[in-house]
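Subject: Structure handover and notes

Dear colleague,

I am passing on the structure we spoke about, with notes on what was found in it. Please read the notes with the structure open beside them.

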Amino acid sequence: MADIRMRLKHWWQDKSVPAPGRDVQVSQDVLHLFRLRREHRLLRLRFAGIAQDFQSLLLEVDLKHNRLLLDDPFPLLAESELFGGRRLDVASIEGAASTRFETRVLGMSHVGDLKALSVAMPGVVTAAQRRNRFRLTVREHMPVQAVLRLEALGNLAAQVQDLSSAGVRLLVPSLAEQPPLESAPLFLRLGDERGMLCTLRVCSLQHTLNKESTLIGGELLGLNPPQVQLIERFIARTQRLQRQRDMALEG
């Protein structure tokens, strides 16, 4: 897990720094921002002069242009209200230990096919000390496929129970009669994206009461930085849709 975190950190630094080869020191404040992005924490936005609160996600920490890109605020906000320079207070929705910072609006932009709000890089971040990665509960209708390969049994179709960029929990046909499992190749595919082959290092293994199925929890090893980003973007898109559906139901 530590190896994946370091690879992801170096990939983001290489992507964001304009001059290759320059030794750039990343401040603790910036690392806290990367944590918010990595964990897909919901953010509460409070714009100066607007009474209503909004919600968003941190899509990108852009060190090259000294800005942050936030998911289009929800509920929708008229672009006429997002004039440059408007002060913005941001807080992650994590209870008493939320991460907070103040910034200002730069304008609207895009991240891939997502509309994004561009804001200035904050000078100070008051951050929560949390290290857990966001874990998405995978529901039946979600386009997530997984195949676990065991030497004795061949390919086993696996039902993904939850997923993060570092780990996964799978339900597979019973392994009660098999030797203890430490690791196995895992094929993972999200939506229409290209499938990923990695190694699942088993951290927990539990058989159901009737021993018809086995629940496996483990770390995803051997993913390259673009694959880690693919998982994170899938989680962010899925969480965004869930958030919009939930708020529509509440309204």
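The protein has three helices and 15 strands, where helices (H or I, at least four residues) and strands (E, at least two) are DSSP runs numbered from the N terminus. This is a predicted model, in which local features need pLDDT of at least 70 and side-chain atom pairs count only at pLDDT 80 or more, while totals for chains, interfaces and linings use all residues. Residues are numbered from 1 along each chain as its sequence is written, and side-chain values use heavy atoms, with hydrogens and water left out.

Of the 251 residues of the protein, 47% count as buried, a term that stands for under 20% relative accessible area, with exposed meaning over 50% and partly exposed in between (1.4 Å probe, protein chains only). Among the contacts with a separation of 6 or more, 61% are between residues 24 or more positions apart, a contact being heavy atoms within 4.5 Å.

On a 1 Å grid over the protein atoms alone, a cavity is a set of points where a 1.4 Å probe fits but cannot get out, whereas a pocket is an open set with protein on both sides within 12 Å along at least five of seven lines, and lining residues have an atom within 4 Å of a point. Grid points are joined across faces, edges and corners, and a volume is the space filled by probe spheres set on the points.

The structure holds one cavity of 30 Å³ or more, and the largest cavity contains about 80 Å³ of space. Its lining includes Arg37, His40, Leu58 and Glu232, and helix H3 gives the largest share of that lining, four residues. By class, the lining of the largest cavity has four nonpolar, one polar and four charged residues; here Ala, Val, Leu, Ile, Met, Phe, Trp, Tyr, Cys and Pro count as nonpolar, Asp, Glu, Lys and Arg as charged, and the others, Gly among them, as polar.

The second largest pocket has a volume of about 200 Å³, and H3 (residues 225-250) supplies the largest share of its lining, five residues. Among the residues lining this pocket are His141, Asp192, Phe234 and Arg245, and the lining divides into five nonpolar, three polar and four charged residues.

Some individual residues also deserve a look. Val172 lies in strand S12 (residues 167-173) and is buried, with a relative accessible area of 3%. Leaving aside neighbours within four places in sequence, Val172 touches Leu148, Ala157, Ala158, Ser213, Thr214 and Ile216. Ser164, in the loop between strand S11 (154-163) and S12, is likewise buried, at 3% relative accessibility, and a polar atom of its side chain lies 3.1 Å from the backbone nitrogen of Ala166.

There is one aromatic pair in the structure. The ring centres of Phe47 and Phe54 are 5.6 Å apart and their planes stand at 80°, so the pair is edge-to-face; rings of Phe, Tyr and Trp (its six-membered ring) pair if their centres lie within 6.5 Å, with planes under 30 degrees apart counted as stacked, over 60 as edge-to-face and the rest as tilted. Both Phe47 and Phe54 are buried.

Two backbone details remain. Phe74 and Pro75 are joined by a cis peptide bond, with omega about 0°. Asn66, in the loop between S3 and S4, has a positive phi near 55° although this residue is not glycine.

With best wishes

How values were computed:
Polar contact = N/O pair within 3.5 Å; in protein donor to acceptor, adjacent residues only side chain to side chain.
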